[in-house]
Amino acid sequence: MELPTLQDLNLAVTLPSMGLALWACVVLAVGLFLPERRRHWNLVLSLGGIVALFLYNLTLFDLPADRQSAFLGMYRADNFTAFVNLIALVTAFFGVLMAYEYLKRTHIDRGEYYPLLLISTSGAMLMGASGDLAVLFVALELLSIPLYIMSGLRRPNAASEESALKYFLLGAFSSAFLVYGVALVYGAAGSTDLSEIFHRVNAGLILDQGLLLAGAGLMLVGLGFKVAAVPFHMWTPDVYQGAPTAVTGYMSVGAKLGGFAGLLRVFIVALPAVSGAGDATGWQDTIALIAALTMILGNVVAIAQRDVKRMLGYSSIAHAGYILMGAAAAGSPDVRDFAVSASLFYLLAYAFTNLGAFAVTVAIEKDDATNPQLDDFNGLSKTRPVLALAMALFMLSLTGIPPTAGVVGKFFLFQAAVNAGMVWLALIGVITSVVSAFYYLRIVVNMYLREGPGEAQAQRSFLGVAVGLAAVGTFVLGVAPVLFLDLAQRAVLVALGG
Amino acid sequence: MDFALVVAIPFVLGISVYFLRDRLRPVQQGLLLTAGMALLFVFLLAQLPRVTEQGALEFVAPWMPQIGLTFALYVDGLGLLFGLLVTGIGSAVMLYTGCYMDDARQAGRFFALMLAFTGSMLAVVLAGNVVVLFIAWELTSVMSFLLIGFKGADDEARKGALQSLMITGGGGLALFVGLLLLGNAAGTMQLGEILSNGEALRQHPWYGAFTGLILLGCFSKSAQFPLHFWLPQAMNAPTPASAFLHSATMVKAGVYLLARLYPALGDTALWNAALSTVGLATMLVGAVLALRQRDLKGILAYTTISQLGALVALIGQPESAGLKAAAVGIVAHALYKGALFLIAGAVDHTTGTRNINELGGIGRQMRGLAAATAIAGLSMAGVPPLLGFVAKETLLETVIQQPLALAVVTVSAALTVTAALRLFWDVFMGAPRTRLPQPEHVPHDRHHPFGDDAFDYSCCHDLPPLMLASPGTLATLSVIAGVALAPLMAPLVSAAIGKQVSLYLFPPSGVNLALVLSGVALALGIGVFAVRRVWLKWSIPVPVSGVQVYDGTIRAVESVGDVLLKMQSGRIRYYLAVILFSVLVLLATAVPNIRIDLPTPAVQLTTAAHVLEAILLVLALAATLASILFERHLVAALALGIAGYAIGGMFLLEPAPDVALVQFLVETLATVLIIIILARTSQDERRRAMARLWGQTRRGSGARPCRVHRHGRGSRHLCPRRREQPAHTGRYRRMAPGECASAGWRQRRGRGDSHRLSRHGHPD
Amino acid sequence: MIEIYLPIVVLLVISVALSVVILFFSRIFGPFRPNRRKLTPYESGMTPIGPAQRRIPVKFYLVAVLFIIFDIEVIFILPWAVVFRDLGAVALVGMAVFIVILLIAFIYEWKKGAMVWE
Amino acid sequence: MNVLFALATGVMFGMGVFQLLRRDLIKAAMGFYILFAAINLLFLAVGAYDGTAPAYVDASNQPDGQPSDPLVQALILTAIVISFGSYALLLGFIAASSRRFKTVDSNELDHLKG
């Protein structure tokens, strides 16, 4: 047996995720020794690490083929991974930035927040990079467990604790299904390597088709839970409402990103050839159905919400539906690459937009441990015009109205669905987008057309930076998406070898 | 390149005005912008010969090259016609607005929005790529939304703004998918290539789908029945915006796109049937409903709807027969309706009301305004030699072969005459009236907030001359264009529809049926106006109004949402059960495929290892079952430990000694942990919860300790008891990990629980 | 195969046998002169008077938990040691990272006061 | 794959699900633990059963028989450790919530809903 050397492990390309996890340990250790008045070093160190890795990650696009695999094929360092890393680091950046003042304000400035967030981010990155089901499982837990803890961070707050417990129990249940699915797929295909599974399925070397299907279905449950797809979505609003707002903001993107990265990685690399009618793969109809249900439920239920975080929770369910539409389209071989890059681009657009929306929510949240309500936006255009303008931009983007990132993202997703012949799905997407306009624009109406209390709140500088950057990102992706589009387009998912 | 500048300049102007708003008075801002718009107008006008000669001009710049998307402009006669309309009416409106707005800061904001709209609208009509077109299309909806809500805190304005955006923005999304399908079918997003591909597109299997979606988008934008109701609601916008967006330009975007796509999609059975049916219905509905209005802008809005219906019906005529009439109608309508809107604003500005019942006889003070109204009203009524007459004649001539359409057009034309007369006579002529009591039969849902259009009533009760200049110019243009048809209108219309046409005031062949019907309509309209005292008292019951349908739809969606919300019970077990059920459904699809060939024998117990393994397996299962059955937590935890050890034993037999070792240690740890937890959770609480559980199981239900209070629909609050619980209510303060266990222990003992604990021996 | 565990079984048998033998022979050959003190159970110097079943403070469990957690990590080191020669640098780097992470966890515990008895 | 073995893991998983669905949160935590025990068994059932000797990297230095599949062992090890970590955390959450809410009945933790 050939023994691997250090070069074979190819550690350099794994640096974004592995480095972030290690950096989290460093931040944790340093944070332990920081006195109260030097707490800002937590922020500085976290942001520094994120930015450095972000820059480094830019060099990881278009690696030569021999450098695209690390840890003996367990870690894939292709463009898909690099793009997922990019989104994840952006998410982490905003997650740190918008939390700093919030944590102080709500007196939960425990140093653990930052390392937890970084570890969770590295889990999300690893989800996208996994070349093996075992890595997928580890990455899923790495992503989830810090999130459970972070949602319960606001002790002693009943809502926060309840949400943490709920999230944990439900999350543990669904990840049990994922592992069960991994075991079944392993039993059917005899391997946990994604490319190997692909080749064995292709060559008909599997023990049992049904077992493979059952395993794929169970994995879909675990990943569907992470992305909050109906009917595995029920935790979402409760947890979003209960968790500290900054955590909710991070979670709304980070967890979804990890879930989708894993979903696309597994289903497109390993299982595209699972039998189905005609050209399309066996899971396409299932995912399309889930996407439809998710879009409908998320948007319809969001209308009745008055609590902003809860509303954004349902909205995040709805957006999971849109991205699932891309995943479903990727089931058709002809549009696979386009659909993957469409989903990735949408995730990036969603990251900027949703993180921005949450940053604004954090900014208007009162200090009395009550959640912001829709009416809290009243008259914001008078008291804080810039904030209101940014929020309006985010809401337009979430609805899918130009000139924002959301519309470009939706454009690609709808086009992917149409190209894959799923016009009905695109139509559902459109109808539900119209429904969503109703509740997103209500916030805009409240900000611009209603009178508020009229008191200008204290400006919060880091939050302001976060809101500003998110707004710029949302706008730039809306009018000049060329650069990121180019990167997303290069992210192609294929099995190795063969 | 120069056309890209045409699109960009309004945005630049808008931003500059916004930043200069503290330096310039509103009038100066208005003059500046008027100059800019006029320049654009002149530039576009200068392109007319070039376009007529060379055909369409295309301008392409890379935008998203990866997916073949370009930023493309496509300038032909039709685009130029609309571009001229936008910039021409725009100049007039800007001039007017400078006087209309009193506050410089507000004026700056308003101008910025108006200019942003202008730029978007120009992008719509000059777009050479359906994606660019869609984006600009939605931008116009957004700008319209912001302008309708410009005056802010007023329920009507808020509702109107949201409604208009929902309808037009939503329709825009339908258009979006329609355009995507169209692009997919044509294999390109470039407008020029799509237009030259008409034959194939009409044969395409998706033709019905994309045409339906595109029509839906156009109808919603152009306020076609039954989606027309947003337009009257949009009249809460400041009057210059109404004049510009909601009569002259934005609402015509739908008409523009229909005309634009006519070469590619038009003239099929579906197209013609849909357009003429919807158009004629809209025409009639708008004309009839206009009669019920008391608000000047309401009357104008409904007659606009009626006119838009006519335009849509014309584009639905087979073999491009209606395009000429449509082009003339667009220009005529923009001129007279723009003038009338501006006049309505001026009336409001000076008198402080727009309610026609409170107005009358003001023509004596405002002769100029009255004259302008008379001219524009004559054009609206279709009296020669104004342009409105030509528009009506060409319309009647187009539908002369279709009895039903002819009847609808004639009736609508008559009612339009009535509306025009009311606008002139009841406002400017007759006895002066002030603050008449409002008639009782005015329906509530048609109530408009009268008289809060201007911002500051104290200033300028005398009409500023510039404010009269704009409507006066537009009205005069109606006359000039009507008289000088051949030199002015004919080249424009010819360029717009792409073939040489001749326009005439009176048919060269003498009196024909169209002319007769035109006269009939005029007479009929005057007749109806004469007896207005009678029908104004009628209260026409409207069985279902669009607003009701809209509200009903929203309510229906909300109630579906409420049903779904009931599923969100907040209970973990329920959520778990839902997941489990979904998993079972998901697996049910896979199970039929499972074909495991049972090995023979299915059970191998040949070696000692096998026997031992089987024993351990049974032990593990039995212990697990025991952990379920035992009610006491401690015993259950111990049983679970046994199961874990049995599994560890199986790992050992595997042989996987390292795994087994880990399993043993972890199992020990898990058991220890659960004991710690049992010690640290309050035994009392646990026991009470357990008692409640078992008691409930027997009784079937139990009183919930705390109800969640719902304040109004959809508001969710935590139960107050829970929410305000301080950190150390009970015996358990927050403790550092190091201190808590022993502290908890001491505290519990301090409360005298210890004897009970010691009786059980272990913290259970 | 199960046979490879035979030495362990032999070891178990020998140890059980040895303890039995020691107890048995000490009973036979040793002097036996009991008094009240000698008959009380020996508990490493602690006073044996009190209720038979006492609760052990949870503190003990916590320390035990910490101990076992690090024990588990040691198990991971065992197979590593077996193949260390063959794997070389890879193994060294891997284990170094592993130990560093453990160390940080340990520092965390320490700083958070998990090692403080009271 | 030994069918009996696989069926037994299925039964165990089912028992875990049942336990997880109970109102008593501590029992539910135990259910979670049972789930992962069952999954570990399943890995054993589908994978490593063809081995007769411990898995070594170097095949030359082991006594006899075919080495077990090291991959599945690694998977099981990972699963055990992760499940234990989660279990510990879960118990911690339950302890915290039982102190705050004075109950271990999951049905009473339903204030976040709608």
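**B:Ala374 and the architecture of chain B**

B:Ala374 counts as partly exposed, because 18 C-beta neighbours lie inside 10 Å, and a buried residue would need 20 or more. The model is predicted. B:Ala374 belongs to helix H16 of chain B, which covers residues 367–381. Its C-alpha atom is separated by 6.3 Å from that of B:Phe424. Along the chain, B:Ala374 and B:Phe424 stand 50 residues apart.

The wider context is chain B itself. Its secondary structure consists of 31 helices and two strands. The chain has 764 residues, and 51% of them count as buried. Contacts between residues at a separation of 6 or more were also examined in chain B. Of these, 78% join residues 24 or more positions apart.

Chain B also meets chain A. In this interface, 61 residues of chain B are in contact with 64 residues of chain A. Five helices of chain B each supply at least two residues to the side that touches chain A: H5 (130–148), H6 (155–186), H23 (546–567), H24 (572–590) and H29 (720–723). H6(B) gives the most, with 15 residues. By class, the side of chain B that touches chain A has 37 nonpolar residues. Another 14 are polar, and ten are charged.

How values were computed:
Residues numbered from 1 in each chain as written. Chains lettered and ligands numbered in written order. Predicted model: local features only at pLDDT ≥ 70, side-chain atom pairs only at ≥ 80, totals over all residues. Contact = placed C-beta atoms within 7 Å. Helix = DSSP H or I, 4+ residues; strand = E, 2+ residues; numbered from the N terminus. Nonpolar A, V, L, I, M, F, W, Y, C, P; charged D, E, K, R; others polar. Buried ≥ 20, exposed ≤ 12 C-beta atoms within 10 Å, placed from the backbone.
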